[in-house]
Amino acid sequence: QVQLVESGGGLVQAGDSLRLSCAASGLTFSSYTTGWFRQAPGKEREFVTAIPWSRITTDYADSVKGRFTISRDNAKNTVYLQMNSLKPEDTAVYYCAARPNRQLEYAYWGQGTQVTVSS
């Protein structure tokens, strides 16, 4: 059974930093690209960032470029999202997801962790 378990969310003030973690189990981690998505109240879920097994390339939404950094520890089957200079508009439920390296669709999703940024 595949599980993605996020942690690290919380309530912070604008300008603060937060690091999210996502621990994966039940899958061959090296065969998957991992990503982060978020969904704000009343809005559709949106892509934030993704990183492949190789960690050679990363992809970011324009809204988070220069502020967020994705990384993964392949030995620990864990992916991280370092979020700096947080803004109130970053408030959302953040989801970890995984897709087979050569596919476009994300097959597995975590339960989400709430990030709230106050102004």
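This is a predicted model: local features need pLDDT of at least 70, side-chain atom pairs count only at pLDDT 80 or more; totals for chains, interfaces and linings use all residues.

**A walk around the sheet**

A: Let's begin with Thr33, a residue of strand β4. Leaving out residues up to four places away in sequence, Thr33 touches Ala50, Ile51, Pro52, Arg72, Ala97, Ala98, Arg99, Asn101 and Tyr106.

Now to the sheet itself. The open sheet has four strands in the order β1-β3-β8-β7, and their pairing is antiparallel. At its edges are β1 (3–7) and β7, each of which pairs on one side only. On average, neighbouring strands of this sheet are turned by 15° against each other, direction ignored. In general, the strands of a sheet pair through backbone hydrogen bonds, either parallel or antiparallel.

Take the pair β7 and β8 as an example. These two strands run antiparallel and are paired over six bridges. If you look for Ile70, you will find Leu81 of β8 standing opposite.

The loop between β7 and β8 holds Asn77. Asn77 has a phi near 50°, a positive value in a residue other than glycine. Most residues other than glycine have a negative phi. Asn77 is partly exposed, with a relative accessible area of 21%. A second residue of this kind is Ser85, in the loop between β8 and β9. Ser85 is not a glycine either, yet its phi is positive, at about 50°. With a relative accessible area of 40%, Ser85 is partly exposed.

Let's move to β3, the strand that holds Ser21. Ser21 is buried, with a relative accessible area of 16%. Apart from residues up to four places away in sequence, Ser21 touches Val5, Glu6, Ser7, Trp36, Thr78, Val79 and Tyr80.

Strand β3 also takes part in a disulfide. The structure holds one disulfide, formed by Cys22 and Cys96, with their sulfur atoms 2.1 Å apart. Cys22 lies in strand β3 and Cys96 in strand β9, so the pair ties together parts that are 74 residues apart in sequence. The torsion about the S-S bond of Cys22 and Cys96 is about -80°, so this disulfide is left-handed. Both ends are hidden away: Cys22 is buried at a relative accessible area of 1%, and Cys96 is buried at 0%.

Nonpolar side chains tend to be buried together in soluble globular proteins. Here the largest nonpolar core has 28 residues, and those that touch the most other members are Trp36, Phe68, Met83 and Tyr94. Two or more residues of this core come from each of β3 (18–25), β4 (32–39), β5 (46–51), β7 (68–73), β8 (78–83), β9 (92–100) and β11 (113–118). Apart from neighbours within four places in sequence, Phe68 is in contact with Arg38, Val48, Tyr60, Leu81, Gln82, Met83, Asn84, Leu86, Asp90 and Tyr94. You have already met Leu81, the residue of β8 that stands opposite Ile70, while Met83 and Tyr94 are named with Phe68 among the core residues that touch the most other members.

Note on methods: Residues are numbered from 1 along each chain as its sequence is written. Side-chain values use heavy atoms; hydrogens and water are left out. A nonpolar core is a set of buried Ala, Val, Leu, Ile, Met, Phe, Trp, Tyr and Cys residues joined through side-chain atoms within 4.5 Å. Buried means under 20% relative accessible area, exposed over 50%, partly exposed in between (1.4 Å probe, protein chains only). Contact means heavy atoms within 4.5 Å. A disulfide is a pair of cysteine sulfur atoms within 2.5 Å. Two strands pair if DSSP finds at least two bridges between them. Axes are lines fitted to C-alpha atoms, for helices over the stretch in contact, and angles run from 0 to 180 degrees between N-to-C directions.
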